[in-house]
Amino acid sequence: MDAFLAGIPQLRRPAALIASCCALVLLATVLLLPRAPPAAPEQLASAAAAAAVRLDARVERRSGNEVLWQLPPPTTPPRAAVFVAPGCTIRATDFFDASPGCPRCAGLPEERRFTREALRRGYAVLAVSSRAECWSLDTGDGGELAAVESIIEWWVKERHPNQLAGLPLVGIGASSGGYFLSALAARVRFSSVAIMIAEGVFATMEEIPARYPPALFVQMPKDGERAREVAASMGKLRGSRVSVREIQCGEFAVSAQFLAARIPGLTLAVADGLVDVLRRKGFVDEKGFLKNDGRSTPWKKAAEEAKILPEEFRLERHVTEELNLAYAYHEFTSLKNGEIFDWFESHMDHKS
């Protein structure tokens, strides 16, 4: 600092000191802003490898439910199978990219990243859509619990017996799918489950069934009521000697780089324009944090008025999902893929 001041006339030194201090404060503020969690080198490597996995689902309808699945690449022998229960309004087609096998597939950013990482790790992926907008918990013979139980058995034992029979079976469900999975795990033998942005149906269970699988809760604590219910579910499971763990997902500032990196087909120029609109319209605060989640933010109307969207823009759901993720109140996330799959792989001593 002395060397710095020596080159400045004495009358100007106070101004120079003030300017230097302001610059340091601004730099510290920028560095301390929460942002999307940085990826470790091994995460970057796995993400690059997962990006090389081509999504091409097989599609069937069974028992009134749409069923999509894909096996790992031929060079990667299956090591496990994962059942996926989407949330309300989310379809199994959102977990796969459009392809010859599934031209209707939409490939939402977080869901497709989960699927690609699963396939990269050698998991066969089975995603099933609910019959209605959300899952039904009817326990009767014609209900969805019985239907999905039979779908999993058909897929493992009849459709791909040589590849899947005897492998560990894990499950992940988000929101409505999380409730559904927590109920399904009482009747299907999972090695472990991941329940996302849901507390499960444990409060309605008189007692936890014997051999209930280890349960990982992936939650967003900004939803305080749900966070309390998750804590109660974890306590009840622990009381029945079920292994449990919690992963918390926090909010972060929205950036053009994040949006462009997460959403295939969204250019950095358009992402820059979107973030600029968010700022100018007051949809984010001075630090770049959303004031509401993407569902409640009229970002598309504002972007259309600003004429920054290309013709036939078809990524509205994709952008909204990433805004929801940044707001961190209620959204499926692949940002915790590493921890989720580590959980699955640490409990594979029990086979389905």
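In which sense do strand E3 and strand E5 pair, and over how many bridges? Select residues 80-85 and 169-174: E3 and E5 pair in the parallel sense over 5 bridges, where pairing requires at least two DSSP bridges between two strands. Helices (H or I, at least four residues) and strands (E, at least two) are DSSP runs, numbered from the N terminus.

The model is predicted: local features need pLDDT of at least 70, side-chain atom pairs count only at pLDDT 80 or more, and totals for chains, interfaces and linings use all residues. Residues are numbered from 1 along each chain as its sequence is written, and side-chain values use heavy atoms, without hydrogens and water.

Next, select Phe 83, whose bridge partner in E5 is Gly 171. Then display the open sheet of 8 strands, ordered E1-E2-E4-E3-E5-E6-E7-E8 with mixed pairing. Its edge strands, E1 (58-62) and E8 (244-248), each pair on one side only.

Continue to helix H4 (residues 109-120) and helix H12 (residues 316-327), whose axes come within 8 Å and cross at roughly 85°; axes are lines fitted to C-alpha atoms, for helices over the stretch in contact, and angles run from 0 to 180 degrees between N-to-C directions. H4 is therefore roughly perpendicular to H12, a term covering 65 to 115 degrees. Pro 109, Glu 110 and Glu 111 of H4 meet His 318, Glu 321, Glu 322 and Leu 325 of H12, contact being heavy atoms within 4.5 Å.

Finally, select helix H7 (residues 176-184), which lies across E3, E5 and strand E6 (192-196) and runs at about 145° to E5.

Conventions:
Parallel < 35°, antiparallel > 145°, perpendicular 65-115°, else oblique.
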